[in-house]
Amino acid sequence: MFRYMSAPLKNTAYALQLHHRGELMTPLAQGALWWAARRTLIVSDLHFEKGSSFARRGQLLPPYDTSMTLKVVETLVDEFAPDCVVSLGDSFHDPAAEARLSPAERLRIRALTARTDWVWVEGNHDPDPPAHLGGRGAKTFRMGDCVFRHEPTGEIGEISGHLHPVARVTGRGRAVRRKCFISDGHRLIMPSMGAYTGGLNILDDAVTRHFAGGWIAFAAGEKQVHIVDRKLLAQDHTAARKDQLWRL
């Protein structure tokens with residue numbers, strides 16, 4: 001059912017590749033997806049200004065999440081020089097997030113959107129991405145046999161975000177949680193890239209119900225993405241699950 005392969009690339013950290021609807025794509029440890037044939041970089045759930053949103057409600061967090069997330073995206077754009085960037089919704093944490101951006105961060109976003117064909121897919125947090133920051137908005141975006149949207153529906157060819165999937169991997173007497181991609185070769189859910197975003201365990205029904213048959217988890221390590229043996233996956237403890245849900 002599944003096809004995946006390790007192919008010799010210039011950067012060995014990007015050796016693991018997956019097939020999505022017959023297209024070869026590279027999941028990146030930063031949480032992005034590189035589609036080399038279309039020179040397209042896909043990112044999801046950046047949640048700019050989440051920290052300032054929480055601060056307004058009295059929960060103080062270091063106000064650096066937007067800058068940190070932008071740095072990751074800038075580094076990837078520098079490295080891959082994409083013709084197109086697709087941001088799969090919830091790029092901004094709320095409709096007022098743009099107003100809370102610093103002038104320097106606005107300039108950084110405009111610099112990114114000026115370098116490539118940038119598509120802001122609408123999310124549940126940001127149904128109307130700010131037009132003056134550059135790029136173009138879309139409820140859904142189609143390229144070849146792939147359809148990009150924020151919330152997964154189970155459509156064939158779909159690449160989506162929203163659920164912030166993470167894998168709890170057990171082994172050798174310990175467990176680690178990692179952001180991950182989940183795919184059945186026909187549908188793919190992306191991890192979040194926002195610095196302050198949590199995640200939902202991929203064994204949760206809210207994730208697995210979007211895959212009619214089997215699926216593969218691709219967990220992001222420090223420098224590489226790894227295929228995870230499903231026998232090593234574990235559910236989160238109840239308290240941890242509740243903690244991660246409110247972070248979405």
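**A strand and its partner**

Let's begin with strand E2, which is joined to strand E3 (residues 23-27) by three bridges, the two running antiparallel. Strands here are DSSP runs of at least two residues and helices (H or I) runs of at least four, numbered from the N terminus; two strands pair if DSSP finds at least two bridges between them. What you see is a predicted model, where local features need pLDDT of at least 70 and side-chain atom pairs count only at pLDDT 80 or more, while totals for chains, interfaces and linings use all residues. Residues are numbered from 1 along each chain as its sequence is written, and side-chain values use heavy atoms, leaving out hydrogens and water.

If you want a landmark in this pairing, find His19, which stands opposite Leu24 in E3. Then follow the chain into the turn: E2 and E3 make a hairpin with two residues between them, and Arg21 in that turn has a positive phi of about 55°.

Now look around E2. Five of the five residues of this strand (residues 16-20) are buried, so E2 is largely enclosed by the rest of the structure. Buried means under 20% relative accessible area (1.4 Å probe, protein chains only), exposed over 50%, and partly exposed in between. The cover is on both faces: Leu16, Leu18 and His20 are buried on one side, and Gln17 and His19 are buried on the other.

From here, let's move to the rings. Searching the whole structure turns up six aromatic pairs. One of them is Phe48 with Phe92, an edge-to-face pair at 5.5 Å centre to centre with 75° between the planes. (Rings of Phe, Tyr and Trp, using the six-membered ring of Trp, pair if their centres lie within 6.5 Å; planes under 30 degrees apart are stacked, over 60 edge-to-face, the rest tilted.) Phe48 lies in the loop between strand E5 (40-43) and helix H1 (50-56), and Phe92 in the loop between strand E6 (84-87) and helix H3 (97-100), so the pair ties together parts that are 44 residues apart in sequence. Phe48 has 2% relative accessibility and counts as buried; Phe92, at 2%, counts as buried too.

With their ring centres 5.3 Å apart and their planes at 50°, Trp118 and Trp120 make a tilted pair. Both of these tryptophans are buried. To put the rings together, Phe48, Phe92, Trp118 and Trp120 form one aromatic cluster.
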